[in-house]
Amino acid sequence: MTKRTTPTRAILGSVAALALCAGAAQAQMVFTPGEGGFNWDSLEAFGAEHDLSGQTLSIFGPWRGDDQALVETVLAYFKEATGANVSYASSETYEQQIVIDTEAGSPPNIAILPQPGLIQDLVSKGFVEPLGEETADWLRENYAAGESWVSLGSYEGPDGSEALYAFPYKIDVKSLVFYVPENFEDAGYEVPETMEELKALTEQIAEEGETPWCIGLGSGGATGWPATDWVEDMMLRVQPPEVYDQWVTNEIPFNDPKVIEAIDEFGWFAKNDDFVNGGTGAVATTDFRESPDGLFASPPQCYMHHQASFIPTFFPEGTEMGIDADFFYMPAYEGKDLGQPVLGAGTLAFITKDSDAARAFIEFLKTPIAHEIWMAQSGFLTPYKDADAELYGSPTLKKMGEILLDATTFRFDASDLMPGAVGAGSFWTGMVDYVGGKSAEDVAGAIQKSWDANK
Amino acid sequence: MEGMAGQKSHLTWAVHISVALLVALWLFPTVGLLVSSFRTAEQISNSGWWSAFSAQKGQLPAIRISGDERQEDGLYVIDGNLFGTAETTLSAWGTSSREPEAYEPDTEVELKDGWVLGVASSGDFRLSAPQSFEGERLPRVFATATTPPEFTLENYGNVLFGTTAGAGVGQAFLNTLTVSIPATVIPILVAAFAAYALAWMEFPGRALLIAAVVALLVVPLQLALIPLLQLHNTIGIGKGYLGVWLAHTGFGLPLAIYLLRNYMVGLPKDIIENARVDGASDFQIFTKIVLPLSFPALASFAIFQFLWTWNDLLVALVFLGTDDDRLVLTARLVNLMGSRGGQWEILATSAFVSIVVPLVVFFAMQKYLVRGLLAGSVK
Amino acid sequence: MHPALQAVLTIVIGLGGCIGYFWFSNQLFDKVLFPARGPNIGRNIRRAEMIRPWLFLFPAIFALGLYLAYPVVATFWLSLTDRDQGGAFVGLANYQQMLREAKFWEAIRNNMLWLVVVPAASTAFGLLAAQLTDRISWGNIAKSLIFMPMAISFVGASVIWKLVYDFRPIGQEQIGILNAFWVWLGGEPQTWLTITPWNNFLLMVVLIWIQTGFAMVILGAALRGIPEETVEAAIVDGANPFQIFFKIKVPQIRSTIVVVWTTITLVVLKIFDIVLAMTNGQWQTQVLANYMYDKLFRAFDWGVGSAAAMVIMLLVSPILVWNVINARREMR
């Protein structure tokens, strides 16, 4: 039962409407148990095993605003099944907040973060509880490409031995290019199938006097991160995945020619005034949330936008995915024979203060229902094989899920895997400098220097 | 005394004009934000706020035809109006992003499959086809139109009542007050006693203490966060209002002592000496003479400290925590900005919501503020 | 319990405790321990005189010590240890590492620029505004409006100014007033915040905008405190208004100007929110406080972060010395 009524929606904007849903979600559950194709049995079985009445569970995560409303719909079922009192909190500066809280000794029960690099820091300081071999086995068995998820959640503990500490939950696909199908039709463009075609299309659009790309790196204190996604995507398209892994662990230095090649591949798009909306100078200052607006302007200010699967949240109000806007897979070079690499990111849940409720929450994430509730709404992809793909809330999500399944190579966002000083510091700022006119060699050299300083 | 302006009338005019200019310069940025907070996202990104009051001619983003189809003379028809408001006037339109101004108003154009679309200058459209539109993607219309100035309260509705993340702004408002009031009053009390001691009592080490207070004025807050939260957790205060109050007290004290001491030193010496001769103790002198005399300074610091605690984000986040029911106003607004960062209308509105109370406090109490500052630094 | 009720209760307890402490301790002093009567009256008064200042100062010293001095000491220690909290002692290695970083020197350079420009400009504008608004009928309204930015948080101020500096590509209508004005003059739209070194000044404008009101109010008060005879004498001597202002008035309020300058300097040393929100130190706009924040919370390098904090503390020492000298002079 939902309180999503049409008149409300019409009167208030979509923000308010979503918010109303959130308000409703807190009070009750968005999908009535027993109805729809959901795996309600898993919820019931889970509830029968875990009675946590009177206990409280504090969760700290990265999701704010609309996303917070969504995660709370999932938590409502946990609450209902166990009787536990769940409080979810987040903060604009959640990375700093979690460090302050753990260092000072007042951590939440469960923390959820999108940066494995940061989790590694916390683990090595002894702030995180291991999840146990049993959970690792479960991931191997039940997640598609399970081994890679286990290794993503495994870190070196304070004693130096590696173990599973974090549980991957909710992933994003990053190798996507968004566009407006009708603008493509009006101009007679085809969706490119290979990187060669994509580059040709870029040149063609520019020759016709139009602007092919909208690129915006602005993100307040995190300015620069969208460029790291670009570079990572290009890295997977010019080098085999093994090189990518070496890059992430700094086995090859950041200023290795292979990395510089990938940076310059990004530069091919971003450092050409004719290829980006507003010219190269605008790339670094345009806010990433504002950047896609150019797709929908009249006349169009650009035709393509590279971004992760979450970006439709920031499209203009009323934009309907699949009709007003769509996306295609950021293609690979036909000539390089590197298959279909996909770049992704995701969030991992881990225990920062052990309790029965915290353990139960990790068990809850193993139930299909914990995935299905979010899937059936928006912005959620999962590699969990038992979660019913038919439940994806929209054809768009399903299509993203398919890209994930078609991937011959899946790699996690490199900047999230690198140490914080690099992946959330010099890599970001370096990309801003690069777009600002510095050479790839200079920038990569500076990033490597900061990595050395961090060792 | 006549000031420099009073003597020559042409200079008076120059003064008036320069002041007006200065005020305009200072006011401009804020006014821009205020105006923006009453505009829709579309308006903000299409034209500068200074043109909000005049009619706008420009290309609107693509509008997709929508409506219920009905049958009419063997044709399937959808009609309606492109615009929400009546006053919008269309001057050209098109259906392709490449030729958005292809057609004049009041013309009919044939599209694919025998579809015929006509758009009038009022924005009324009529789309007809020999077969049903069922399952078809309806065309987009690119309109060049003149829109009258339009203002909306929707942004405020969204920010104030769209409870995106649990508890609403009302709760946050209350939380902020709960933080601000004690965090303003406690440091004043503590600082007043200290300032009196530093101003009027003789004891060894006084100069050193005064210097220390000044030195502590520059301690970067970020440094103190973790050691202090650690301390709070160890002694059992944990995260909560008590912790925030104490933290604000600590952080606010140097400025309070500095300002109040400066003021108290300037009080007439004879009054205090006379009272001493009459046998009054320092406690009596303080409560009966100095405190009432220092009222303007106390009030001025109260405003400063209130503004600071009201606008504070960092201390509240760290010492109060990020639980929904404890979020202060700034934290809630920043969260809202975090998920909506690119959208000026939300940014502008939240910024305004957050500065309303400080502005009211300031305007209500500025008399004391000016008086207090005046006396505090002029000797 | 309802938070509002809880708040009221705690306010009462907190304030009661505070007032109680001062009242009871002083009563204890005057009535029980050292009564100003009886056989030992002289000794009692002397002893009370000796101890009472500390009675008055104790809560303040306690809070200052715990909340500010202790973190400073802890920070000094951290700046000598490894990157983790509680890491091994490494001597001056953190300082050495910091001195090798280009970003640090950029921050020092910019901070110096800020320290020169912002206090000077705020004081100058404040003085100008104070003098001009002094004698006109709507002076108080003008003062209030100029003071208003003081009431706006740094976050709010950053939003306001981001809108001012906003950039749209050529051909689109500008929504930032600076670019709109620039284009109207015939220029090409600029991404203002990326143009070194001018972007530093654009960030400073924000702080000047905030601090001018503060300077204006204090300086205005000082101007009014000037004895009228000195000005009248100058008028009789035929001085023009500019001479009166610069030769007669300004010298007389020099000490107030110094106070204003100092206070704004202290604010500048800590400036961080504006830079973080608007450029995050990119495009050569780094400042020390933001550099420190970066090290603490991005790189989790407590060693270097603390070392940067110590540098900020060091920069304040001239003001410190000046204040000690001043306080000594006051003590006569």
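User: Quick one to start: which residues does L260(B) touch, not counting residues up to four places away in sequence?

Analyst: Keeping in mind that this is a predicted model, L260(B) touches A191(B), A192(B), A195(B), S294(B), A297(B) and F301(B), once residues up to four places away in sequence are set aside.

User: And which residues touch the most other members of the largest nonpolar core?

Analyst: L260(B) is one of them, together with A191(B), A194(B), Y196(B) and I257(B), and the core they belong to holds 329 residues. Helix α5 of chain B, which covers residues 169-200, gives the most to this core, contributing 18 residues. Apart from it lies another core, of 15 residues, which includes L60(B), I63(B), L82(B) and W93(B).

User: OK, stepping back, what is chain B built from, how many helices and strands?

Analyst: Chain B has 14 helices and nine strands, and of its 379 residues, 52% count as buried. If you take the contacts in chain B with a separation of 6 or more, 73% of them are between residues 24 or more positions apart.

User: What domains does the assignment give for chain B?

Analyst: The domain assignment gives domain 1, covering 56-147, and domain 2, covering 158-377. The centres of these two domains of chain B, taken over C-alpha atoms, are separated by 59 Å.

User: And how is chain C divided?

Analyst: Chain C is divided into domain 1 (3-78) and domain 2 (93-331), and in that chain 37 Å separate the two domain centres, again taken over C-alpha atoms. Four residues of domain 1 of chain C are in contact with six residues of domain 2 of chain C, and on the domain 1 side of that contact there are three nonpolar residues, one polar residue and no charged ones.

User: How many residues of chain B are in contact with chain C?

Analyst: There are 92 residues of chain B in contact with 89 residues of chain C. On the chain B side, the largest share comes from helix α2 of chain B (residues 9-36), with 15 residues. Sorted by class, the side of chain B that touches chain C has 68 nonpolar, 22 polar and two charged residues.

User: Now the strands. In β7(B), which residues are on the covered face and which on the uncovered one?

Analyst: In strand β7 of chain B, residues 116-119, L117(B) and V119(B) make up the covered face, whereas V116(B) and G118(B) make up the uncovered one.

User: What does β7(B) pair with, starting with β6(B), and how many bridges are there?

Analyst: Strand β6 of chain B (residues 107-110) runs antiparallel to β7(B) and is joined to it by four bridges, with E108(B) standing opposite G118(B). The two strands form a hairpin with five residues between them, and D113(B) in the turn has a positive phi of about 50°. β7(B) also pairs in the antiparallel sense with β8(B), residues 124-129, over four bridges, and here V119(B) stands opposite F125(B). That pair is a hairpin too, with four residues between the strands and G123(B) in the turn at a positive phi of about 100°.

User: Switching to chain A: how many residues of β10(A) are buried?

Analyst: Ten of the eleven residues of β10(A), which spans 341-351, are buried, so the strand is mostly covered.

User: Which sense does β10(A) pair in with β11(A), parallel or antiparallel?

Analyst: With β11(A), residues 409-412, the pairing is in the parallel sense over four bridges, and V342(A) has F410(A) as its bridge partner. By contrast, β6(A), residues 166-173, pairs with β10(A) in the antiparallel sense over seven bridges, where A166(A) is partnered with F350(A). Strand β3(A), residues 110-113, also runs antiparallel to β10(A), joined by four bridges, and L113(A) has L348(A) as its partner.

Methods. Residues are numbered from 1 along each chain as its sequence is written. Chains are lettered from A and ligands numbered from 1 in the order in which they are written. This is a predicted model: local features need pLDDT of at least 70, side-chain atom pairs count only at pLDDT 80 or more; totals for chains, interfaces and linings use all residues. A nonpolar core is a set of buried Ala, Val, Leu, Ile, Met, Phe, Trp, Tyr and Cys residues joined through C-beta atoms within 7 Å. A residue is buried if 20 or more other C-beta atoms lie within 10 Å of its own, exposed if 12 or fewer, and partly exposed in between; C-beta atoms are placed from the backbone. Two residues are in contact if their C-beta atoms, placed from the backbone, lie within 7 Å. Domain bounds come from an automatic or database domain assignment. Ala, Val, Leu, Ile, Met, Phe, Trp, Tyr, Cys and Pro count as nonpolar, Asp, Glu, Lys and Arg as charged, and the others, Gly among them, as polar. Two strands pair if DSSP finds at least two bridges between them.
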